[in-house]
Amino acid sequence: MASKSYANILDLDPDKLLDIPQTPRALPRVMTIPGIIAGVDSYGNDCDSESTSSSCRERKIIVANMLPLHIQRDPDTLKLTFSFDEDSLLWQLKDGFSPESEVVYIGSLKVEVDAREQEEVAQKLLDEYNCVPTFLPYELHRKFYGGFCKHQLWPLFHYMLPMCPDHADRFDRVLWKAYVSANKIFADKVMEVANPEDDYIWVHDYHLMILPTFLRNRCNRVKLGFFLHSPFPSSEIYRTLPVRDEILKGLLNCDLIGFHTFDYARHFLSCCSRMMGLDYESKRGHIGLDYFGRTVYIKILPVGIHMGRLESVLNLPITLRKVKEIAERFKGKKLIVGVDDMDIFKGISLKLLAFEYLLQMHPALRDKLVLIQIVNPARSAGKDVQEAKMETYLILNRINEAYGSPDYQPVVLIDRPVARYEKSAYYSMADCCIVNAVRDGMNLVPYKYIVCRQNSPHSDDETALRTSMLVVSEFVGCSPSLSGAIRVNPWDIESVAVAINSAIIMKESEKQLRHAKHYRKLSPDCIVSAYRRSNRRAIFLDYDGTLVPHSSIVKTPSPELITILNTLCDDPKNTVFIVSGRGKGSLSEWLAPCARLGVAAEHGYFIRWSRTSDWQPDLVPMELEWKEIAKPVMELYREATDGSTIEIKESGLVWHHQDADPDFGSCQAKELLVHLENVLANEPAVVKRGRHIVEVKPQGVSKGLVAEKVLSTMTENGEPLDFVTCIGDDRSDEDMFESIMNTVSSAEIFACTVGRKPSKARYYLDDTVDVVRLLAGLANASDPKPSSNPARFHVTFDTGF
């Protein structure tokens with residue numbers, strides 16, 4: 001009896017829905033030693049015996065609508081010729097697997113293959129490309145892909161409801177049956193090739209959302225993942241689909257489902273909750289929900305780009321020639337680039353309307369600004385595509401007629417297939433890139449643009465600082481990850497025009513910072529240039545996790561770091577402080593060689609302005625009797641958690657679990673946090689959880705107050721500040737970032753977190769190595785002059801503790 005997880009779809013007999021001819025002979029089920037193929041009827045795992053186990057390779061079977069191949073027919077022999085499509089994400093996926101993994105692709109071909117050729121083509125693709133084709137009959141493919149996928153699922157997933165026949169097609173059950181039939185054919189082909197007990201099967205995109213149902217029915221223990229390349233709509237939109245249950249259950253028959261963004265995953269989980277009553281919870285960093293005795297994991301997997309391949313294209317001679325051609329053709333002009341598919345969701349016409357408004361409002365930009373709009377071939381035909389194309393050309397002609405001249409064309413539309421090298425050339429030459437889609441998944445155009453700008457072959461000065469500017473729709477999946485971009489509502493034409501203008505006229509220094517933030521991290525060159533221009537500077541530094549790695553057993557600073565800190569402190573323009581959660585005893589010992597360094601210990605409970613000055617306790621006397629309540633509770637968890645320790649400070653207590661089992665330590669930390677909050681509910685104490693710690697400290701003590709105190713003292717005793725840098729890695733450092741942003745108004749501020757994560761800081765550095773490298777750059781730009789007054793103020797970065 002079929003499980004309820006796939007009973008609905010199995011009630012449909014796909015073989016009876018349409019007249020489906022048999023595909024060519026079954027391909028081998030298991031590939032073993034290279035050059036040796038298991039027999040057609042061999043359904044066992046040939047790797048079970050000891051004699052062959054060493055020859056087995058882990059296999060990843062990637063299943064998608066189309067194989068990642070270019071296909072041509074030789075005009076002389078009329079034979080089909082193949083080559084890998086190096087631009088295909090599916091083909092690039094293999095570089096993310098270990099070299100020992102074998103990757104097999106299953107999918108359709110982009111051309112129809114005569115039945116007499118199918119067996120020969122299938123064998124050739126298997127032997128030479130590790131590809132297994134699914135030959136869908138023409139009529140079935142038309143109804144499956146051109147019908148149900150592109151005219152029903154694709155609009156719906158982009159939030160377009162069939163309110164009337166002119167906008168999206170109404171549900172057609174014949175097309176749905178074709179979708180089921182096509183997915184069944186894919187399932188048959190997967191089962192011919194796969195050993196479901198050992199192979200990992202990875203299904204891609206909305207074309208194959210019920211394929212997991214057929215695979216799970218054939219083998220309940222199949223290892224199955226699915227990744228959706230498009231948005232997933234809100235539950236209110238998705239629930240309008242008549243076959244919503246069948247598709248949702250199809251996805252739930254996977255072990256893991258990947259989405260571009262948390263928003264898409266949240267929409268999917270909302271559908272599971274509202275339609276099926278399924279609850280979900282966080283399990284070890286993944287979101288998991290129970291479905292018929294299995295845990296289905298939901299993971300956020302934003303797609304990236306293959307930087308190596310993109311960088312290599314920029315160095316090709318043909319690319320360099322194209323770059324030179326573009327430079328000569330548009331000499332003296334500012335270039336804006338857009339690369340979009342021709343469809344109703346990419347917002348090309350809205351982009352053109354915004355550009356038209358910009359030229360209308362700013363006559364000075366005419367003859368100086370050019371929009372290069374590259375249009376990729378439409379992926380499907382239909383009335384909506386034709387209407388989008390007509391509107392695009394209508395606006396294009398209107399702009400060029402109104403604002404163009406014999407030697408100036410405001411908008412250059414490239415409506416033809418554009419090679420990768422040519423797109424890369426335009427990316428590298430564009431001052432700004434705009435992605436204005438009204439709804440899109442993880443659009444990769446911004447990432448490609450950033451990499452091409454970073455490696456632009458146009459500049460003669462290899463040391464020149466790179467710049468890039470992005471104007472990105474807030475409805476694009478990649479928008480949340482592009483914190484340096486100017487985000488826009490594509491429907492607000494006036495605001496988009498303002499954003500484009502801002503991107504063009506922005507100061508070069510800010511463009512460099514935005515580009516550096518996107519490309520990798522806070523650029524040392526950018527901060528050094530601002531450092532050199534300034535005359536009165538404050539530098540706040542964290543210690544653990546910022547200057548010294550959390551994983552380091554030896555916490556004392558390296559000789560190199562001591563030299564850098566002393567150099568910074570000896571510059572009379574600088575005030576440098578270490579702001580840490582560590583106790584004053586440890587910090588005094590570790591930082592003893594730094595005579596002029598200011599230190600704030602225990603989150604600012606104790607402050608001293610130099611090594612020779614006294615520690616100043618908090619101005620407000622604190623009641624610390626609660627330590628006697630908290631300590632026994634921490635002792636219970638220390639005894640129960642192997643590897644944990646307690647740090648006793650004058651102002652508080654810290655329970656460390658860095659050396660405990662990661663999962664158990666994290667679980668114990670959560671319980672300890674709740675326990676302490678309960679017993680200290682009426683005490684003047686605050687319980688905080690940080691990186692591998694749970695800390696209890698007095699109320700009213702924070703790193704943010706330290707920064708405010710130091711900055712106000714500096715302002716009262718000298719000229720206004722014009723440069724502030726603050727670096728930290730922990731939650732406690734967020735108070736300092738916020739305080740500096742609110743306190744300082746006239747200075748250039750470089751608030752930087754360590755590691756890529758949500759933060760109030762505008763910039764990030766990858767690790768402590770990059771922090772030290774950045775500080776070394778500042779030290780090299782300093783003018784150290786030992787001061788006769790060691791009590792002079794100094795400020796540094798915050799300790800990430």
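This is a predicted model: local features need pLDDT of at least 70, side-chain atom pairs count only at pLDDT 80 or more; totals for chains, interfaces and linings use all residues.

Is Ser 428 buried or exposed? Its relative accessible area is 1%, and because anything under 20% counts as buried, Ser 428 is a buried residue. Leaving aside residues up to four places away in sequence, you will find Ser 428 touching Leu 314, Val 323, Cys 452, Arg 453, Ser 456 and Pro 457.

From there, let's move to a pair of helices. Helix 14 (residues 348–361) packs against helix 15 (residues 383–403) with the axes 9 Å apart and an angle of about 15° between them. Angles under 35 degrees count as roughly parallel, and therefore helix 14 and helix 15 are described as roughly parallel to each other. Their crossing is left-handed. On the helix 14 side, the contact involves Ile 348, Ser 349, Leu 352, Leu 353, Glu 356, Leu 359 and Gln 360. Helix 15 meets these residues with Glu 391, Thr 392, Ile 395, Leu 396, Arg 398, Ile 399 and Tyr 403.

A second pair is worth a look beside it. Helix 7 (residues 173–193) and helix 8 (residues 211–218) have axes that come within 8 Å and cross at roughly 45°. That angle makes helix 7 oblique to helix 8, and the crossing here is right-handed. Helix 7 contributes Val 180, Asn 183, Lys 184, Phe 186, Ala 187, Asp 188, Val 190 and Met 191 to the contact, while helix 8 brings Leu 211, Phe 214, Leu 215 and Arg 218. The residues where helix 7 and helix 8 meet divide into 8 nonpolar, 1 polar and 3 charged.

Our last stop is helix 25, which covers residues 703–716. Its 14 residues reach 20 Å from the first C-alpha to the last, close to the 20 Å expected at 1.5 Å a residue. Which residues of helix 25 are buried? They are Lys 703, Gly 704, Val 706, Ala 707, Val 710, Leu 711, Thr 713 and Met 714. To see what covers these buried residues, look for strand 18 (537–541), strand 19 (574–579), strand 20 (598–601), strand 21 (606–608) and strand 27 (723–728), which are among the covering elements. Helix 26 (731–743) is also included in that cover.

Technical notes: Residues are numbered from 1 along each chain as its sequence is written. Side-chain values use heavy atoms; hydrogens and water are left out. Helices (H or I, at least four residues) and strands (E, at least two) are DSSP runs, numbered from the N terminus. The expected span of a helix is 1.5 Å times one less than its number of residues. Buried means under 20% relative accessible area, exposed over 50%, partly exposed in between (1.4 Å probe, protein chains only). Contact means heavy atoms within 4.5 Å. Axes are lines fitted to C-alpha atoms, for helices over the stretch in contact, and angles run from 0 to 180 degrees between N-to-C directions. Angles under 35 degrees count as roughly parallel, over 145 as roughly antiparallel, 65 to 115 as roughly perpendicular and the rest as oblique. A crossing is left-handed if the near helix is turned anticlockwise from the far one by less than a right angle, and right-handed if clockwise. Ala, Val, Leu, Ile, Met, Phe, Trp, Tyr, Cys and Pro count as nonpolar, Asp, Glu, Lys and Arg as charged, and the others, Gly among them, as polar.
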